[in-house]
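Student: I'm new to this one and would like to learn how to read its features. Could you walk me through it?

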Amino acid sequence: MWSVDTDRAVTIGAPQLKPLSWEAAAAALLAVSAVVLFGVGTTFPQVRAFGYAPMLAALIIAWSVNRRFARDLSIIAACLALISAISVEADISWSNIARMGVVLSAVVIGPWVVSRYVFDDKTIQFPLRRGQPWSRLEWAWLVFVVVVAWAVLPQYFMRTGVYLNWPPLTNWSEIIRLFFGVNAVGIWDELFFICTVFALLRKHFSFWTANVFTTIIFVSFLWELGYRSIGPLLTIPFALVQAFIFTRTKSLPYTVTVHLLFDALVFLTIVHAHHPDALPIFIGV
């Protein structure tokens, strides 16, 4: 069975910070900032700007108590600030695809370049685990993900109506763009939230502390993307498990494969919700 082995985590150095510390308070404030910017601020746009206040407070605390930690937290904060400058709500127009592509690429490439070549720090990695075949358990988990996603996602999307947060898909061009967008964002999720945000926090905190902070930020982003209503009941466990899988397998390709299989069912569910007669592959909805 899989188990969390903190000594095998994909990170540099041993974590030293406790959940009850000024550094943890700073990380918590940054997580609160993400909740306001991407979560509450999406539902109530008038309060969105208030999300920068806890971000600023987080940086002030971090730089006051621990410069090494503050450096990494500042990288995450800068990325969140840049993402918040655009809308990440589901929009598959070519202009929005281009805009999101530039920004989301920048917040993956930028931290890696700054961390490695400015700070000489190799915490941010994209491990491939070459030459090691996936185990039977890993293959079984992929099957499990497909079955659970097939059973659960249509119930969530269609019974809550959140599929309406995505475009109506009136032609093949929109369907193809949705497929591209869902998969591109799924890959980016792992590159940014796991390989960057989680890795930088895991450098300073225990596995679960870093995982919880990362999950709060990730789920807030997904709320703006369109996973609303009871969406967090699905996205929180998914985010927690993805960090666990990445830490355990040390394989970005495997972690991405899990995510893309889940997103494949997201894509099929959205298409089915808009065109149930054209894609009758789900039951009970």
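Tutor: Let's start with aromatic rings: Phe38, Trp188, Phe192, Phe193, Phe218 and Phe221 form one aromatic cluster. Rings of Phe, Tyr and Trp (its six-membered ring) pair if their centres lie within 6.5 Å; planes under 30 degrees apart are stacked, over 60 edge-to-face, and the rest tilted. This is a predicted model, where local features need pLDDT of at least 70 and side-chain atom pairs count only at pLDDT 80 or more, while totals for chains, interfaces and linings use all residues. Residues are numbered from 1 along each chain as its sequence is written, and side-chain values use heavy atoms, leaving out hydrogens and water.

Student: How many aromatic pairs does this rule give?

Tutor: The count comes to 22 aromatic pairs. A pair of aromatic rings is described by the distance of the centres and the angle of the planes. Take phenylalanine 179 and phenylalanine 267: their ring centres are 5.2 Å apart and their planes at 75 degrees, so this pair is edge-to-face.

Student: Which helices hold phenylalanine 179 and phenylalanine 267?

Tutor: Phenylalanine 179 lies in helix 6 (residues 172-202) and phenylalanine 267 in helix 9 (residues 252-274), so the pair ties together parts that are 88 residues apart in sequence. Helices here are DSSP runs of H or I with at least four residues, strands are runs of E with at least two, and both are numbered from the N terminus.

Student: Is phenylalanine 267 buried or exposed?

Tutor: Buried means under 20% relative accessible area, exposed over 50%, and partly exposed in between (1.4 Å probe, protein chains only). At 12% relative accessibility, phenylalanine 267 counts as buried, whereas phenylalanine 179 is partly exposed at 43%.

Student: What about phenylalanine 207 and tryptophan 208?

Tutor: They form an edge-to-face aromatic pair, 4.7 Å centre to centre with 85 degrees between the planes. Phenylalanine 207 is buried, at 2% relative accessibility, and tryptophan 208 is partly exposed, at 46%.

Student: Where does the charged end of arginine 71 sit?

Tutor: A charge sits over a ring if NZ of Lys or CZ of Arg is within 6 Å of the ring centre and within 35 degrees of the ring normal. In this model, the charged end of arginine 71 sits over the ring of phenylalanine 119, 4.5 Å from its centre.

Student: And the chain as a whole?

Tutor: Its secondary structure comes to nine helices and zero strands. Buried residues make up 49% of the 285 residues, and the C-alpha trace spans about 60 × 50 × 30 Å along its principal axes.
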